[in-house]
There are 2 protein chains.
Amino acid sequence: MASMATYFVKTPSPSPSFPKTFNTHFSPALRLSIPLSSKPRTRRRLRISNALIEPDGGKLVELFVKESKKGEKKREAASLPRVKLSRIDLQWVHVISEGWSSPLRGFMRESEFLQTLHFNSLRLEDGSVVNMSVPIVLAIDDAQKRLIGESTRVALVDSDNNLIAILKDIEIYKHHKEERIARTWGTTAPGLPYVDQAITNAGNWLIGGDLEVIEPIKYHDGLDRFRLSPAELREEFTRRNADAVFAFQLRNPVHNGHALLMTDTRRRLLEMGYKNPILLLHPLGGYTKADDVPLSWRMKQHEKVLEDGVLDPETTVVSIFPSPMHYAGPTEVQWHAKARINAGANFYIVGRDPAGMGHPIENRDLYDADHGKKVLSMAPGLERLNILPFKVAAYDKSQGKMAFFDPSRQQDFLFISGTKMRTLARNKENPPEGFMCPNGWKVLVDYYDSLVPADNGKVPEAVPV
Amino acid sequence: MASMATYFVKTPSPSPSFPKTFNTHFSPALRLSIPLSSKPRTRRRLRISNALIEPDGGKLVELFVKESKKGEKKREAASLPRVKLSRIDLQWVHVISEGWSSPLRGFMRESEFLQTLHFNSLRLEDGSVVNMSVPIVLAIDDAQKRLIGESTRVALVDSDNNLIAILKDIEIYKHHKEERIARTWGTTAPGLPYVDQAITNAGNWLIGGDLEVIEPIKYHDGLDRFRLSPAELREEFTRRNADAVFAFQLRNPVHNGHALLMTDTRRRLLEMGYKNPILLLHPLGGYTKADDVPLSWRMKQHEKVLEDGVLDPETTVVSIFPSPMHYAGPTEVQWHAKARINAGANFYIVGRDPAGMGHPIENRDLYDADHGKKVLSMAPGLERLNILPFKVAAYDKSQGKMAFFDPSRQQDFLFISGTKMRTLARNKENPPEGFMCPNGWKVLVDYYDSLVPADNGKVPEAVPV
């Protein structure tokens, strides 16, 4: 995978096969039926400049202890009460410490938690508002709370008791789980993946405070070099003289429908007058549910898609977004967008049912497929971000390639569902030519091949975007 | 009850027994532990003027059809598809038509519904934000939707098929009930009163649009004269030369703890430099749950409290707030506050667990008792409103009267719970002298006396604030 790192982060080179001739179109700008009194956004005219969009709060937060202070901090931590971090907690420390959640400086205290739950936003000192839709909190149980006692700071350690960070000026408050779940997911149905993984069995208290992180978080899984921080991404975009950065969040293999979308976005941005729009292809790297394709396989697949020239390396940066996944639909898509502002993106591509999933106990999607883009377009604190909704892409049999769905010739289109794609890949069959580049498809086939079937002979289902 | 109308709305006269000597105090200004980056509010210094606070959106909405147009509108309505309003729907038409929900001009369209659920606020054309925390929506079922077909307007009629209003430029969208409930109440537990009453069996579609209301809504229950609209209240406050209006929302009998709070608020406002603070004593008059004391009995009780001079008629306006009750705690208290801005109030008194209730299936309060005032203090669109949190009042045995609870002499205080009060009133016993004025107490005793016991010999429980 060195090639991907080389091509797309460090040394852009012209693509041999950039598909310049796609003749496709965006959906019209999102139009909501809004009475005079509550139009969600007065969109300012685009002004093109080479300066990247400002991070939320005006300054990118980075919370690492200076080299010269590390010894002192480690000695201090040795005498503090310890809180052990789960894998997901550690991912959140990663997220906060690099400034993805700027201006947050640590795990949320109660005032931030309540503003997040009720308003999906935080009001800053100066009266301005930043978006914040997903609670970023650390749970502790009764025994840990007793242990902490009157201490105003705690040491955060990983599962091997390695010191990760100090949390200071702490505030401990009740973890109202039912309310947190209901307000974040819009349901309390059993079977929400993040809830099962990180909330149900978590402690009954939340501990907020400011983080001092000893070392940048690393996972030593061969992928750390793709985990660029917001500061590093900003440096890369600046080095490339980007005058627009458009982010594409994904947690699934890239098929040619995605590629179509990304190349079409670039075309549109050029039409709008931008000279050098750069794509941030930004797979989510934190916790995902068991039936999603794991990060390592997705990165292999993305590598092939890039090697095969489906996307232009010169105008693409591939990096890993370290956040865990909530599967909280319209609430979570705001977080996905907001974090990318902090990484320098001023355009955000949003599709059908972003961060959605099936209802855990009813036979329907959990969220209205259109709510994600609508909520995103109206979200407080995201006014500066240009939201790019897109039409559904499907396999156009008449052209033998992925294209934006045209309802006037519905019969020409084939929708390849997650189930269909999984079945094909598991059976080592090929999808229609033009659905995904062959080497990318092979990675998927290899992934399903690598799975040990469960007792019932079924393999977990992978769900594409 | 003519006396109350006379005294408190039309002809203020000096109180014979205004308790000027209460020596009590407010809780300190609400202090939340907030990091630098997310202080919820930068409070402006108070500026005292005789102009009332502006309604949300700058102009008070009133949606009544002009006299000269009534005939035409009635003829038009005769040819439109009809939607029959429930009692609660009618209360919402009342609320919207008089401008309590300004700048809303009708039942919410989807963009407003989504902003309400996700952000508890609406963004206006000019980019400013108003608070809106509770969905004000009208549900229709599949058959009604079919009947409406392609019509752009519908006639709204009451249960006797009398024309109430025309809803125009309609938009019909899905009624995602589970999500609405979860995001509004922070729970989906069965047994939420408003949900059982108005959502569970309501249609699967919502219909939004602009209202043209034929006649002001009247209930012909002898209480209509207390139902002053925001415009009428503003006129009354102006007539009285109010330079501050402080609102007290309640849905229960007034005891001397409430009275203490209200008189103490006035004392504080005078200390702050206001010359003529007026109390808006504003019982909620719409739907309440079965075990609350009904409006007619509460109004009788309030009348006695006022006749007995517990509150000063010269500085008090008693009126009925026509909204139905959600019992949605921190979400609903924002609505209660926002609506009073529209009626001219610039101070809002908030107590412990506002709009709260017991969890319907767990043995605990549904909401954290402190969240209401915290959320209110941070709510978008309520920055202009001064929030006055208060300490718990209890019966002080050492003084023989209601007083603010002093934890340093805990043993002196008696908390008279709802259950205790009900038991006393039902058994025609008296509470400790000084808990409630005797004539007010007698109304409560009469109310319980009037109830026909259910088969199990129990009477419904009334729950005080």
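Reader: Is helix 4 of chain A largely enclosed by the rest of the structure or exposed, and why?

Author: The model is a predicted one. A residue counts as buried when its relative accessible area is under 20%. In helix 4 of chain A, ten of the ten residues are buried, so the helix is largely enclosed by the rest of the structure. Among them are A:Glu110, A:Glu112, A:Phe113, A:Leu117 and A:His118.

Reader: What follows helix 4 of chain A?

Author: A:Asn120 follows, and its phi is positive, near 55°.

Reader: Which annotation covers residues 53–215 of chain A?

Author: The UniProt record, an unreviewed entry, gives "domain: ATP-sulfurylase PUA-like" for those residues. Over residues 53–215 of chain A, the chain is 33% helix and 23% strand. The end C-alpha atoms of that stretch are 27 Å apart.

Reader: How many cavities of 30 Å³ or more does the structure hold?

Author: A cavity is a space where a probe fits but cannot get out. The structure holds four of 30 Å³ or more.

Reader: Which residues line the largest cavity?

Author: Chain A supplies A:Leu117, A:His118, A:Asn120, A:Arg183 and A:Thr331, and chain B supplies B:Leu117, B:His118, B:Asn120, B:Arg183 and B:Thr331. Helix 4 (110–119) of chain A and helix 4 (110–119) of chain B each give at least two residues to this lining. By class, the lining has two nonpolar, six polar and two charged residues.

Reader: What is the volume of the second largest cavity?

Author: Its volume is about 60 Å³. Ten residues line the second largest cavity, and the closest to its centre are B:Met262, B:Thr263, B:Arg266, B:Thr315 and B:Thr316. Helix 9 of chain B gives the most to this lining, with three residues. The lining divides into five nonpolar, three polar and two charged residues.

Reader: Now the aromatic rings. How many aromatic pairs are found over all chains?

Author: To read a pair, take the distance between the ring centres, which must lie within 6.5 Å, and then the angle between the planes, where over 60 degrees counts as edge-to-face. A search of the whole structure finds 24 aromatic pairs over all chains. One of them joins A:Phe405 and A:Phe413, with 5.1 Å centre to centre and 75° between the planes, and this pair is edge-to-face.

Reader: Are A:Phe405 and A:Phe413 buried or exposed?

Author: A:Phe405 is buried, with a relative accessible area of 19%. A:Phe413 also counts as buried, at 7% relative accessibility.

Reader: Why is the pair of B:Tyr274 and B:Phe347 edge-to-face?

Author: The ring centres of B:Tyr274 and B:Phe347 are 5.5 Å apart and the planes stand at 90°, so the pair is edge-to-face. B:Tyr274 counts as buried at 3% relative accessibility, and B:Phe347 counts as buried at 1%.

Reader: Which residues form one aromatic cluster?

Author: A:Trp92, A:Trp100, A:Phe321 and A:Trp335 form one aromatic cluster.

Reader: Which residue lies over the face of A:Phe321?

Author: A:Arg340 lies over that face, at 3.9 Å from the ring centre. Elsewhere in chain A, A:Lys300 lies over the face of A:Trp297, at 4.0 Å from the ring centre.

Definitions and conventions
Residues numbered from 1 in each chain as written. Chains lettered and ligands numbered in written order. Predicted model: local features only at pLDDT ≥ 70, side-chain atom pairs only at ≥ 80, totals over all residues. Heavy atoms only, no water. Phe/Tyr/Trp six-rings, centres within 6.5 Å; stacked < 30°, edge-to-face > 60°. Buried < 20%, exposed > 50% of the residue type's maximum accessible area, 1.4 Å probe, protein only. Lys NZ or Arg CZ within 6 Å of the ring centre and 35° of its normal. 1 Å grid on protein atoms, 1.4 Å probe; cavity = no way out; pocket = protein on both sides within 12 Å on 5 of 7 lines; lining within 4 Å. Points joined across faces, edges and corners; volume = space filled by probe spheres on them. Helix = DSSP H or I, 4+ residues; strand = E, 2+ residues; numbered from the N terminus. Nonpolar A, V, L, I, M, F, W, Y, C, P; charged D, E, K, R; others polar. UniProt positions renumbered as here; feature names shortened; annotations may be inferred.
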